[in-house]
Structure formats: structure tokens, C-alpha cells
Amino acid sequence: MSKRVELLEQMLKENPSDLFLNYAYALEQIKEGKTDEAETLFKKVLTHDESYLAAYYQLGKIYEKKENMSEAIT
């Protein structure tokens with residue numbers, strides 16, 4: 001586990017509803033090959049803020065990797 005991941009986890013314990021922290025943590029999960037966890041985090045971000053465009057993009061990329069093109073396009 002990288003120092004960045006450890007720091008993000010610590011900050012999320014203090015402020016679990018921070019959307020940027022959740023987004024950043026999801027990006028780190030992707031780097032570690034944990035796409036299911038990242039998908040869950042991006043959905044959490046979008047549940048709280050439907051206008052968080054970067055989360056849509058990243059979620060689309062996950063769906064693309066999973067060859068779920070209809071979801072990726074949506």
C-alpha cells in the first residue's frame with residue numbers, strides 16, 4: 001500500500017463524505033487494480049453530486065474495461 005493510499009484512508013476516516021477524497025481514493029484503487037472498489041466509490045460520489053463530471057468519465061472507463069459498452073456510453 002502506498003503512502004498516498006494510507007494518507008487518503010486517514011483523511012477519509014476524518015471526513016468520509018468529502019467527495020474529492022473519495023474520488024482521489026477511487027483513482028488510487030484503479031492504480032492498484034481494484035476496479036470494483038473504484039466503481040463503488042465513483043457511484044458514491046455521483047450519488048451525492050450528480051454534476052461531478054470527472055467521476056462519470058472514470059466510471060465510463062471502468063465500464064469500458066469490463067466491456068460493458070452500453071453502460072460506458074451512458
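Me: Is Glu 71 buried, exposed or partly exposed?
Reply: Glu 71 is partly exposed, because its relative accessible area is 38%. Buried means under 20% relative accessible area and exposed over 50%, with partly exposed in between (1.4 Å probe, protein chains only). Keep in mind that this is a predicted model, where local features need pLDDT of at least 70, side-chain atom pairs count only at pLDDT 80 or more, and totals for chains, interfaces and linings use all residues. Residues are numbered from 1 along each chain as its sequence is written, and side-chain values use heavy atoms, with hydrogens and water left out.

Me: Thanks! Where does Glu 71 sit?
Reply: Glu 71 belongs to helix α5, residues 69–73. Helices (H or I, at least four residues) and strands (E, at least two) are DSSP runs, numbered from the N terminus.

Me: And what separates the C-alpha atoms of Glu 71 and Ala 38?
Reply: They are separated by 16 Å, and the two residues are 33 residues apart along the chain.

Me: Switching topic: which residues touch the most other members of the largest nonpolar core?
Reply: Those are Tyr 23, Tyr 25, Phe 42, Val 45, Tyr 52 and Ala 55, out of 19 residues in that core. Helices α1 (3–14), α2 (19–31), α3 (35–48) and α4 (53–65) each supply at least two of the core's residues. The largest share, 6 residues, comes from α2. A nonpolar core here is a set of buried Ala, Val, Leu, Ile, Met, Phe, Trp, Tyr and Cys residues joined through side-chain atoms within 4.5 Å.

Me: What does Ala 55 touch?
Reply: Not counting residues up to four places away in sequence, Ala 55 touches Tyr 23, Phe 42, Val 45 and Leu 46. Contact means heavy atoms within 4.5 Å.

Me: How do α3 and α4 pack, at what angle?
Reply: Their angle is about 150°, and their axes are 9 Å apart. That makes α3 roughly antiparallel to α4. Axes are lines fitted to C-alpha atoms, for helices over the stretch in contact, and angles run from 0 to 180 degrees between N-to-C directions. Angles under 35 degrees count as roughly parallel, over 145 as roughly antiparallel, 65 to 115 as roughly perpendicular and the rest as oblique.

Me: Which residues meet there?
Reply: From α3 you have Thr 35, Ala 38, Glu 39, Phe 42, Lys 43, Val 45 and Leu 46, and from α4 there are Ala 55, Tyr 56, Gln 58, Leu 59, Ile 62 and Tyr 63. By class, this contact of α3 with α4 has 9 nonpolar, 2 polar and 2 charged residues. Ala, Val, Leu, Ile, Met, Phe, Trp, Tyr, Cys and Pro count as nonpolar, Asp, Glu, Lys and Arg as charged, and the others, Gly among them, as polar.

Me: What about α2 and α4, parallel or antiparallel?
Reply: α2 and α4 are roughly parallel to each other. Their axes come within 11 Å and cross at roughly 20°. Tyr 23, Leu 27 and Ile 30 of α2 make the contact with Ala 54, Ala 55, Gln 58, Ile 62 and Lys 65 of α4.

Me: Is Gln 58 buried or exposed?
Reply: Gln 58 counts as buried, because its relative accessibility is 16%. Leaving out residues up to four places away in sequence, Gln 58 touches Tyr 23, Leu 27, Ile 30 and Phe 42.

Me: Last one: is Ile 62 buried or exposed?
Reply: Ile 62 counts as buried, at 2% relative accessibility. Beyond its neighbours within four places in sequence, Ile 62 is in contact with Ile 30, Thr 35, Ala 38, Glu 39 and Phe 42.
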